[in-house]
Amino acid sequence: MDNTNIRENIETSIKSINNILKLNLSIYALYTEKMDDSIIIVVFKKIKKERKLEEKRLKSRAIYTFDKIIGKNKNFLNIIEYSKKIANSKSTILITGESGTGKEIFAQAIHNYSDRKENVFMAVNCGAIPEKLIESELFGYEEGAFTGAKKGGNPGKFEMANDGTIFLDEIGEMSVEMQVKLLRVIEEEIIVRIGGYKQTPINVRIIAAANKNLKEEVENRNFRRDLFYRLNVLPIHLPPLRDRKDDICLLIDYYMNRISKKLNKRKVEINDAQMDKLVQYDWPGNIRELENVIEFFINIEHVDESVIETESSYKERKRGGSYNIYYDEDFMLNMNLENLEKVHIENVIKKFKGNVTLAAKAMGIGRNTLYRKIKKYNIYCSTLEHNSKM
Ligand SMILES: Nc1ncnc2c1ncn2[C@@H]1O[C@H](COP(=O)(O)OP(=O)(O)O)[C@@H](O)[C@H]1O
Ligand SMILES: [Mg+2]
């Protein structure tokens, strides 16, 4: 091997038992006195942190675009038109609407319709991050800021979203203390990491979302009035599915096609009477609920009207009663493990009224593991908490 055979910084990965390590590989010949080049040195280096960060940024992308948002209801189409118009503005958007009405997909579509589309779309669920961690998650920290702080510090979501969009979901869950800090960041457009002093200017478009009636929260003094007005510059209110019943058939068709393809299973025939019932039903969980119901039908290979029969059966289901449906043998056999895990986690969180710490204990896993799973499965703790009080 001569000098020309030196190989430096080849990106490679090594599979270990638990995961895949990404490494930089360099190969050098070791010249001894005899100029014998039979010995080579192989050097593996961990890929630099910045690279990992870059990859993290790349993963923070928005997938949805307006043309993938289903609906032909007139009011709904007007909302889409309005959203397109405000997509490129720097002003803050506040999206309100019940859970499952499409707040997150609207935020993504707006980002993708803007000049920022090539940059990061960073989604942060303010309701799923433990109170103690949210500040460092959003604003980052410097090395030595607290025990357990990473060497070299860590940038926060705002820094990572620079030149892009940050989506602050469930903003109503943010503590008043954090609200003050957020307001300051919005007004000054400057970030200071925890334990640091350097002021980093940021250019981030903020889209916030809430399923609570934030105005009411303002009246009840749970949400700061000044922050509310700062966020609510461009309001978007997404209607519940029951207010756009003319879209229900369309959505059922859409999800029937999509989910059957995804699961590689047959579509389920829905007769007129059943379709009537589906249209009349109130859909308190909105499009997310519709999606789940269709997935359920496809899995059990027929329409099970009991899922949507009456309002009272719905409440019963929410209270936990007929969630026993998930222990139906047929259903179990058709559920994949991930779906089962999700349903189980939701049930346990509900049982503990949204208290993630207790739920994690009950399931015998760490709280951080549970938060990861909550994020992975898009579980909405605050909704579960709310529902459990019904
Ligand atoms: N208009 C729509 N067309 C297609 N899918 C939709 C639409 N609105 C919502 N969805 C679907 O419903 C689910 C919930 O949407 P999401 O944006 O997460 O709701 P929210 O944030 O309001 O709870 C998502 O899986 C999304 O794919
Ligand atoms: Mg959401």
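Guide: In this predicted model, a residue counts as buried under 20% relative accessible area, exposed over 50%, and partly exposed in between.

Visitor: Why is E137 called partly exposed?

Guide: The relative accessibility of E137 is 31%. That value lies between the cut-offs of 20% and 50%, so E137 counts as partly exposed.

Visitor: What makes K157 count as buried?

Guide: K157 has a relative accessibility of 10%. Buried means under 20%, and K157 therefore counts as buried.

Visitor: How do you know that E137 forms a salt bridge with K157?

Guide: The closest N and O atoms of E137 and K157 are 3.6 Å apart. A salt bridge requires a side-chain nitrogen of Lys or Arg within 4 Å of a carboxyl oxygen of Asp or Glu, so the pair qualifies. E137 belongs to helix 4 and K157 to helix 5, 20 residues apart, and the pair links distant parts of the chain.

Visitor: Why is the contact between R230 and E187 called a salt bridge?

Guide: The N to O distance between their side chains is 3.3 Å, which is within the 4 Å limit. R230 lies in helix 8 and E187 in helix 6, so this pair ties together parts that are 43 residues apart in sequence.

Visitor: Why is E219 called exposed, whereas R225 is called partly exposed?

Guide: E219 has a relative accessible area of 52%; exposed means over 50%, so E219 is exposed. R225 has 41%, a value between 20% and 50%, and is therefore partly exposed. The side chains of E219 and R225 also meet in a salt bridge, at 3.7 Å from N to O.

Definitions and conventions
Residues are numbered from 1 along each chain as its sequence is written. Chains are lettered from A and ligands numbered from 1 in the order in which they are written. This is a predicted model: local features need pLDDT of at least 70, side-chain atom pairs count only at pLDDT 80 or more; totals for chains, interfaces and linings use all residues. Side-chain values use heavy atoms; hydrogens and water are left out. Helices (H or I, at least four residues) and strands (E, at least two) are DSSP runs, numbered from the N terminus. Buried means under 20% relative accessible area, exposed over 50%, partly exposed in between (1.4 Å probe, protein chains only).
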